[in-house]
Amino acid sequence: MNLPQLYYFRKLAEVQHYTEAAKALYITQPSLSDSISSLEKELGVSLFQKKGRNIELTKYGSEFYQYVCESLSILEHGIALIKEKSGHISGTIDIGCIPTLMGDFLPDSLDLYREKNPMANFNIYQGMSIEIAQGVSSGKYDIGFGSVVEHMDDLVFVPITHQELIAIVRNTHPLADRTSMALSELKDYTLTTYQDTIPIGKIIRDLLKAHGIEAAYSYDNEIPIGGRISKSSKVAICADTPFLKQFDNLHKIHLTDVPRDTRMIYMLYSKKNFVTSAVEAFANFMIANCLNLPD
């Protein structure tokens, strides 16, 4: 038994298809088959069984998979720690992020991190908060940035930045001469905002309900909200994000009775998934250098 065999076994167990696993491992399918057969012969058990055109783990394979994953994770963690101690933090970090941080906060933070750790690499994936949380929980992403998502107890949410909730109107609207106002003053206006099935929509729904204000909950981000308001006489409640910059006829109004920490953005990771030292170093750097929290 050797180390490549264990990596081959882990990949095949995850993909459950010889051809696809061989492609991912950059080896030929016969080489993969021979390696697995040799491993099974040494262990004295069958690790895989056919399932249609694919394969699946046997009960022995499932048990062995747990040990292999644990062992390789410990080894990879040790390698990463030694590299960190030598001053060479490397490795690739998969980050899931909500779109509204992609234009300023995240790229600025990554540039700052790369100044100190030029060998670090990142894969950046965009999605909504619920999708990001699910991706972090499943191990698709090492770390994520988004809103708190309910009923995901394996996730840790660390407050990292915030976005002010504002009112926006067209620059010809009667309220366009106001720079600030109380939320309660909007009771007599037709309001629109995010869908109340997403985290920020739920926050705004509860906020408006507390003030006895009705609204249409229709949109999933600031682009359609800004587009709608730029062509109507309605008022929208939304986060002040870079998405609004593309509309040159919108007027922003500060809401005096909405706390600045109402819309918080969090860095999230999973307690159940293995965290490499590269991911841990990046998370610690973000907390130490990139916090943008309300006063």
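Predicted model: local features only at pLDDT ≥ 70, side-chain atom pairs only at ≥ 80, totals over all residues.
A helix here is a DSSP run of H or I at least four residues long, numbered from the N terminus. With that settled, I looked up Ser277 and found it in helix α9, which covers residues 277-289.

**Ser277**

Is Ser277 buried or exposed? I get 3% relative accessibility for Ser277, so it counts as buried, the cut-off being under 20%.

**Helix α1 by itself**

Next I went to the start of the chain. Helix α1 runs over residues 3-15. I count 13 residues in α1, and the span from first C-alpha to last is 19 Å, close to the 18 Å expected at 1.5 Å a residue.

At the start of α1 I spotted Asn2: one of its side-chain oxygens comes to within 2.9 Å of the backbone nitrogen of Gln5.

Which residues of α1 are buried? My list reads Gln5, Leu6, Phe9, Arg10, Leu12 and Ala13. A reminder to myself: an α-helix has 3.6 residues a turn, so residues three or four places apart point the same way.

**α1 against α3**

I then asked how α1 sits relative to helix α3, residues 29-43. Their axes come within 10 Å and cross at roughly 105°. That makes α1 roughly perpendicular to α3, because angles from 65 to 115 degrees count that way.

Who touches whom? From α1 I noted Gln5, Tyr8, Phe9 and Leu12; from α3 they meet Leu32, Ser35, Ile36, Ser38 and Leu39. Sorting the residues of this contact gave me 6 nonpolar, 3 polar and no charged.

**Two positive phi values**

Just after α1, I stopped at Gln16, which has a positive phi of about 60° although it is not a glycine. Gln16 belongs to the loop between α1 and α2, the latter being residues 18-25. Its relative accessible area is 30%, so I wrote it down as partly exposed.

Where does Tyr26 lie? I found Tyr26 in the loop between α2 and α3. Its phi is near 60°, again a positive value in a residue other than glycine. Tyr26 counts as exposed, because its relative accessibility is 77% and the cut-off is over 50%.

Conventions. Residues numbered from 1 in each chain as written. Heavy atoms only, no water. Axes fitted to C-alpha atoms, helices over the stretch in contact; angles between N-to-C directions. Parallel < 35°, antiparallel > 145°, perpendicular 65-115°, else oblique. Contact = heavy atoms within 4.5 Å. Nonpolar A, V, L, I, M, F, W, Y, C, P; charged D, E, K, R; others polar. Expected span 1.5 Å × (residues − 1). Buried < 20%, exposed > 50% of the residue type's maximum accessible area, 1.4 Å probe, protein only. Polar contact = N/O pair within 3.5 Å; in protein donor to acceptor, adjacent residues only side chain to side chain.
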